[in-house]
Amino acid sequence: MTTGRVHGKTAARHTSRDFVVSLSKVVALRQLDQQIHSILDNRPAHKTALVWELLEQNPRVRFHFTPTDSCWLNQVELWFGKIEREVIADGVFPSVPDLAAKLWRSINAYSANAHPIQ
């Protein structure tokens, strides 16, 4: 079933190991009969042996890479724009953990009433 629910993670860096840990958590949250589609840019962190090993162990996970030198898919870009407008643009963040907490509050509020983007 398509839900439109957002799974996210904040991190100081974006390494291959961080990506695998995050994706593994998403896999654990989903039912065994559900496919997982992940839209990715072409960062090297998404293409390591560690990542390919995760894919081999989880055949229901599918990666969709955006073309090199292109912007994100329009719907994904709109969602990030919403986060930027509602959380980041006029925000005051005394610390990185405060920013992360405000991002999570927004993600959780969105996911509470999530629906697939058309």
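Is Ser 106 buried or exposed? I looked this up and found that Ser 106 is buried, with a relative accessible area of 17%; buried means under 20% relative accessible area, exposed over 50%, and partly exposed in between, with a 1.4 Å probe and protein chains only.

**Entry 1: the model.** I note that this is a predicted model, in which local features need pLDDT of at least 70 and side-chain atom pairs count only at pLDDT 80 or more, while totals for chains, interfaces and linings use all residues. Residues are numbered from 1 along each chain as its sequence is written, and side-chain values use heavy atoms, with hydrogens and water left out.

**Entry 2: the overall fold.** I recorded four helices and two strands, in the order α-β-α-β-α-α along the sequence. Helices (H or I, at least four residues) and strands (E, at least two) are DSSP runs, numbered from the N terminus. Of the 118 residues, 26% count as buried.

**Entry 3: the cores.** I looked up the largest nonpolar core and found 12 residues, including Phe 19, Leu 40, Leu 54 and Phe 63. A nonpolar core is a set of buried Ala, Val, Leu, Ile, Met, Phe, Trp, Tyr and Cys residues joined through side-chain atoms within 4.5 Å. Helices α1 (16–29) and α2 (49–57) and strands β1 (36–40) and β2 (61–65) each supply at least two residues of this core. The most come from α1, which gives five residues. Apart from this core lies another, of seven residues, among them Trp 79, Ile 83, Val 87 and Tyr 110.

**Entry 4: helix α4.** I returned to Ser 106, which lies in helix α4 (residues 96–112). Leaving out residues up to four places away in sequence, Ser 106 touches Ile 83 and Val 87; contact means heavy atoms within 4.5 Å.

Which residues of α4 are buried? I listed Ala 100, Leu 103, Ser 106, Ile 107, Tyr 110 and Ser 111. Seen down the axis of α4, its buried residues fall within an arc of 130°, so they line one face of the helix. The arc is that of the directions from the helix axis to the C-beta atoms. The face turned away from the buried side carries the exposed residues Pro 97, Arg 105 and Ala 112.

I also checked the helix length: at 1.5 Å a residue, the 17 residues of α4 should span 24 Å, and its end C-alpha atoms are 24 Å apart, which agrees. The expected span is 1.5 Å times one less than the number of residues.
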